[in-house]
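Thanks for coming. Please have the model open.

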Amino acid sequence: MGKFEEMRAKAEELDRLDPLRDFKKHFEVPKGRIYMDGNSLGLPAKESIQGVLRVLEEWKTFNIDGWLKGSPPWFTMPEELGRKMAPLVGAQPEEVVMTGSTTSNLHSLVSTFYQPEGKRRKILADELNFPSDLYALASQIRLKGQDPSEDLILAKSRDGNTLDEDDLIALMDETVSVALFPSVLYRSGQLLDMERLTKAAHERGIFIGFDCAHSAGSVPHRLHDWGVDFAFWCSYKHLNGGPGSPAFLFLHRKHFEREPGLAGWFGYVKEKQFDMNITFEHAKSAGGWQMGTPCVLSAATLEAALDIQQEATIEQIRGKSLKLTDFLIELVDTFLSDEPYCYSIATPRDHNRRGGHLAIEHPKEAWRICCALKARNIIPDFRPPRIIRIAPVALYNTFTEVWEVAKALKEIIDLREFEHFHKERSMVS
Ligand SMILES: *Cc1c(COP(=O)(O)O)cnc(C)c1O
């Protein structure tokens, strides 16, 4: 396999030319490990670890006064971090706030927009979305006294991996009140055309929102200019916030006057929150959609993590991310698609139709191949029934690492290494 070995030189050349090559030094990468799972849980930046220690110090030193004396003050941290996040998703500063979790933000935003009335009483989603979103949507419908089996419309996939925007738009009729789709599909990595879907929804009188969990920090967005009504995403994937770091929500400013569906005191007009009035008056910004006290310790990683993203710029991150995945596609297509390897790419190849990770399918042994990769200290993740997800992250992965992953995929078959592992799956994959 001389040719395969030669591709390593190409990888090294790409690394030399990489404008983001120095960003890796910010991150804690365990020695000898190739981490390709940053789309599930990003790696810690050294500065993020310092951020947590700083908040602990503030707590020790200032006690209750940390709410105003912390830097940034804990009291307005959600708005501050929202402002920092906004340019990464093409939003105005007041349109984004850090709060809740992906799922709780879905609940809060859908309950704000979903007001079934007359014929318009359905929610449109798709069968490939992350299951939590579908559980949440069904429960929102039940809360309105309706039946999800009638009122939750799930667009179907033609091939089991991707969605066709034409199919989604065909389902946007006068019975639909709210549409919700993922920006990037968690399994196949397909990127939907958010601008086109937003335009189509609005032409039909439908509110539209996006779950950007898999695109925030990896793909540029123009949420404000596209006129997206609402969006939400977690910060522990491509944003490197750490396990359980708080999520973000986006609310287009044209909706600031709406009443938050799930109100709470942290959504109160900030200057008057401590007046403790018993009638609610929400802040006319995304901040109005907070509920309770922010998770300050869990958010302490985020300031540094977002600073690193801004320094790298989302355009450069996207540029490198596409090159990394292009390179892996090339390696799989050229060397690993035929017998005995039989790997194939389930992610759309068009740059405009894919996010930051690749879904590599193996017809029979995807799970055991993932186990064999892990035994080699290469970290992918597995999504049933046959997808090996590989996320080469622009901020801390290299082209040489991508080549190493392809080499491992090849040798695991050549040496039948996967046979050393059980077919049974573990609880978290
Ligand atoms: C990761 C992910 C979630 C996770 O939701 P949490 O509330 O953070 O647990 C939700 N939706 C999508 C599409 C995801 O990728």
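**Ligand site and cavities**

A polar side-chain atom of D133 is 3.2 Å from a nitrogen atom of the ligand. This is a predicted model, where local features need pLDDT of at least 70 and side-chain atom pairs count only at pLDDT 80 or more, while totals for chains, interfaces and linings use all residues. Residues are numbered from 1 along each chain as its sequence is written, and side-chain values use heavy atoms, with hydrogens and water left out.

A side-chain N or O atom of Y236 is 2.6 Å from an oxygen atom of the ligand, and for K237 a polar side-chain atom lies 2.5 Å from a ligand oxygen atom. A polar contact here is a pair of N or O atoms within 3.5 Å.

Among the residues surrounding the ligand are S101, N129, F130, D211 and H214; near means a heavy atom within 4 Å.

Now the cavities. A cavity is a set of points on a 1 Å grid over the protein atoms alone where a 1.4 Å probe fits but cannot get out, and lining residues have an atom within 4 Å of a point. The search of the whole structure gives two cavities of 30 Å³ or more.

Where does the largest cavity lie? Domain 1 (3–44 + 313–414) and domain 2 (49–312) both give residues to its lining, so the largest cavity lies between them. Those bounds come from an automatic or database domain assignment. The largest cavity has a volume of about 80 Å³, and its lining includes H238, Q309, I317 and P392.

The second largest cavity holds about 40 Å³. L128, G160, N161, L185, R187 and S188 line it.

How values were computed
Polar contact = N/O pair within 3.5 Å; in protein donor to acceptor, adjacent residues only side chain to side chain. 1 Å grid on protein atoms, 1.4 Å probe; cavity = no way out; pocket = protein on both sides within 12 Å on 5 of 7 lines; lining within 4 Å. Points joined across faces, edges and corners; volume = space filled by probe spheres on them.
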